[in-house]
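Dear colleague,

I am handing over the structure below, and I would be grateful if you could look it over before reading the notes that follow it.

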Amino acid sequence: MSLPLLVFYFSLRTLMNILRFREASLGLFLSKLKDSTSMIRLLAFSMLLFSITRIMDIIDMVIDLPMNDTIIAAVIWSVSIILAIIFHRMSRITSPD
């Protein structure tokens, strides 16, 4: 299965858990504070990496850097892996089952 599909599946599963179990999912998320803070930290790190790729794209428009596209692709795949891990863990935490 491709990585973007995994990210889509786990994020959709997390959203469905939150919509189905509103109060319970929030309580479960907050009760596991250590896991929740590590997920938020990973999410912030992945968004930082994603922002760096956008800045690299803007720089690439002005200055043609060798290997820039390869580096951007590698970082975006890293972000996808991190997001898949985050949403998988979040879907497990927000489900009361």
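The axes of H3 and helix H4 (residues 68-93) cross at roughly 160° and come within 9 Å. Because angles over 145 degrees count as roughly antiparallel, H3 is described as roughly antiparallel to H4. The crossing in which H3 passes H4 is left-handed, and the residues of this contact divide into 18 nonpolar, four polar and six charged. Please keep in mind that the model is a predicted one.

Helix H4 also packs with helix H1 (residues 3-20), here at an angle of about 30° and with the two axes 8 Å apart. Since angles under 35 degrees count as roughly parallel, H1 and H4 are therefore taken as roughly parallel to each other. H1, too, passes H4 in a left-handed crossing. On the side of H1 the contact includes Leu3, Pro4, Val7 and Phe10, while among the residues that H4 brings to it are Trp77, Ile81, Leu83 and Phe87. The residues of the contact of H1 with H4 divide into ten nonpolar, six polar and one charged.

Turning to the charged side chains, the count comes to one salt bridge, in which the side chains of arginine 54 and aspartate 57 meet at 3.0 Å, N to O. Both residues lie in helix H3 (residues 33-62), three residues apart, which is about one turn of the helix. Arginine 54 counts as partly exposed, with a relative accessibility of 34%, and aspartate 57 likewise counts as partly exposed, at 23%.

Note on methods:
Residues are numbered from 1 along each chain as its sequence is written. This is a predicted model: local features need pLDDT of at least 70, side-chain atom pairs count only at pLDDT 80 or more; totals for chains, interfaces and linings use all residues. Side-chain values use heavy atoms; hydrogens and water are left out. A salt bridge is a side-chain nitrogen of Lys or Arg within 4 Å of a carboxyl oxygen of Asp or Glu. Helices (H or I, at least four residues) and strands (E, at least two) are DSSP runs, numbered from the N terminus. Buried means under 20% relative accessible area, exposed over 50%, partly exposed in between (1.4 Å probe, protein chains only). Axes are lines fitted to C-alpha atoms, for helices over the stretch in contact, and angles run from 0 to 180 degrees between N-to-C directions. Angles under 35 degrees count as roughly parallel, over 145 as roughly antiparallel, 65 to 115 as roughly perpendicular and the rest as oblique. A crossing is left-handed if the near helix is turned anticlockwise from the far one by less than a right angle, and right-handed if clockwise. Ala, Val, Leu, Ile, Met, Phe, Trp, Tyr, Cys and Pro count as nonpolar, Asp, Glu, Lys and Arg as charged, and the others, Gly among them, as polar. Contact means heavy atoms within 4.5 Å.
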